[in-house]
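Let me look things up one at a time and jot down what I find.

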Amino acid sequence: MDILQENIRDNRFLRLIAGALKAGYCADWNFHPSLSGTPQGGTVSPVLSNIYLDKLDKFVESTLIPEYTKGDKRGRNPAYGQVANQLQTARRQGDLERVRALKKALRKYPSKTPDDPGYRRLRYIRYADDFLFGFAGPFEEANQMKDKVASFLQTELKLTLSAEKTLMTHAQTGRARFLGYEIGIMYSSTKLNRLGTRGVNGVVGMYIPEDVIQAKRKRYLRDGQPIHRPELQNDSEYDIIIRYQGEYRGLVQYYGLAHNLAQLGYVKWTMETSLLKTLASKNQTSVTKESKRLKATTKTSDGPRKCLKLTIPREKKKPLIAIFGGLSLKRRKNPIMEDRVIFPYVQLRSEIVERLLNDTCEVCGEKKNVQMHHVRHLRDLNQKGKREMPLWMKVMIMRKRKSIPLCKGCHDDVHHNRPKSKRQGNQRAG
């Protein structure tokens, strides 16, 4: 509040923020007071974090970065320079075999001195209350820097570093976790670019953590196998496909910078199988039939891509199209997050009302005096001891619905437990 009062004079706004900080929270229907900090998960928390940690940003930019930044570039490695001179001599002499051998030997040495005492670099990035330092220098100086940051946070902002999350990782032998990514340094002595140099060495690599991939797949698995999602079976096919596509698109777009983005193909297969099983369970058919019905190809900026596609025609309007898949898993250096607003395919009236307005008995096809027959539980339909199950019961079991439109005659037959009458001679199971 002291930081906000430095530049804000609106007391009504300040009281609103103060009230939000002291409002407390409810967990498991129990109230817990806010003893310190901002509301966890509150929409205002990231903004308050940026305001509060602005002093840390200025401290790093004005003090730490100038202190731990030295030199223009690393010095040349003497061992690399010696082999490079021998290579140049062999080229002048035309000794091709020696040239090839010296090229391989040259790749064993770094071109620059890794531990140059006159070279230091410090980079800093922060998102809300998570921040990451990238430092090119010895471990002792990195530890000193950590102590200075901890001391500043304690004295100036009354904050303490989390011992579990504040880690020091060697970027070449390990990877740091930041905002769901694993970040490290890439090294390869065999991978060459078009110029014949080791362009990968020393480049920062971003990866999707393996536990994240497994966690995303786990949502659609049971006992290690893709499973349908029964909570979506009452939704329309359009809504189900849109739901799956939104979850998959968000994952692909968020990890668009990852060098192992192609590993999401396994997640896509898991989600696609789960989607097909959900649709097959909804329509009382097989996964193979659903796959053949929806299998299609869509055009993208990276060329045609296989996908599952559902088209719903509409009179005097463009058809509704729902697509799952069709996203390229090629890494993008500058990915763009498409903040799409998904409009569900909303039916203006409930299924019961729609079937009533259809004004057709689903047993005999009569179009007069149609009424709705209801049962309390679906399990009551499949009663033991009955020799032959009537058609109305078969329809309700097949559709997993506790209501069915019947004409008055068929409705009376059901309630009086009468056998199949002449009206039901032309039965249909539509």
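**Confidence**

In which helix of the chain is confidence lowest, and in which is it highest? I note that this is a predicted model, so I began here. Confidence is lowest in helix α12, residues 351-358, with a mean of 54, and highest in α10, with a mean of 93. For the chain, I found a mean pLDDT of 82, and 89% of the residues reach 70 or more.

I marked two stretches to treat with care. Residues 345-350 have pLDDT below 50, and beyond near neighbours in sequence they make eight contacts in the model. Residues 421-430 are also below 50, with 25 contacts of that kind. A reminder to myself: where pLDDT is low, the predicted coordinates should not be read in detail.

**The cores**

Next I looked up the largest nonpolar core, which has 33 residues. I208, I241, Y244, Y255, L275 and F324 touch the most other members. Two or more residues each come from β6 (181-186), α8 (210-218), α9 (237-254), α10 (264-283), β11 (303-314) and β12 (317-325). Helix α9 gives the largest share, eight residues.

I then picked Y244 and listed its contacts, skipping residues up to four places away in sequence. Y244 touches Y220, R229, L232, M271, S274, L275, T278 and F324. Apart from this core I found another, of 15 residues, with M393, M396, C407 and V414 among them.

**Helices α8 and α10**

How do the axes of α8 and α10 cross? I found an angle of roughly 5°, with the axes coming within 9 Å. Angles under 35 degrees count as roughly parallel, so α8 is roughly parallel to α10. In their contact, I213, K216 and R217 of α8 meet Y266, V267 and T270 of α10. I sorted these residues into three nonpolar, one polar and two charged.

**Helix α14**

Which residues of α14 are buried? In this helix, residues 408-415, my list reads G409, C410, H411, D413 and V414. Just after α14, I noticed that N417 takes a positive phi of about 55°.

Is T311 buried, partly exposed or exposed? T311 counts as partly exposed, because its relative accessibility is 44%. Leaving out residues up to four places away in sequence, T311 touches P319, L320 and I321. I also checked T311 against L294: they are 17 residues apart in sequence and 9.0 Å apart in space, C-alpha to C-alpha.

Key:
Residues are numbered from 1 along each chain as its sequence is written. This is a predicted model: local features need pLDDT of at least 70, side-chain atom pairs count only at pLDDT 80 or more; totals for chains, interfaces and linings use all residues. Side-chain values use heavy atoms; hydrogens and water are left out. A nonpolar core is a set of buried Ala, Val, Leu, Ile, Met, Phe, Trp, Tyr and Cys residues joined through side-chain atoms within 4.5 Å. Buried means under 20% relative accessible area, exposed over 50%, partly exposed in between (1.4 Å probe, protein chains only). Helices (H or I, at least four residues) and strands (E, at least two) are DSSP runs, numbered from the N terminus. Contact means heavy atoms within 4.5 Å. Axes are lines fitted to C-alpha atoms, for helices over the stretch in contact, and angles run from 0 to 180 degrees between N-to-C directions. Angles under 35 degrees count as roughly parallel, over 145 as roughly antiparallel, 65 to 115 as roughly perpendicular and the rest as oblique. Ala, Val, Leu, Ile, Met, Phe, Trp, Tyr, Cys and Pro count as nonpolar, Asp, Glu, Lys and Arg as charged, and the others, Gly among them, as polar. pLDDT is the predictor's confidence in each residue, from 0 to 100.
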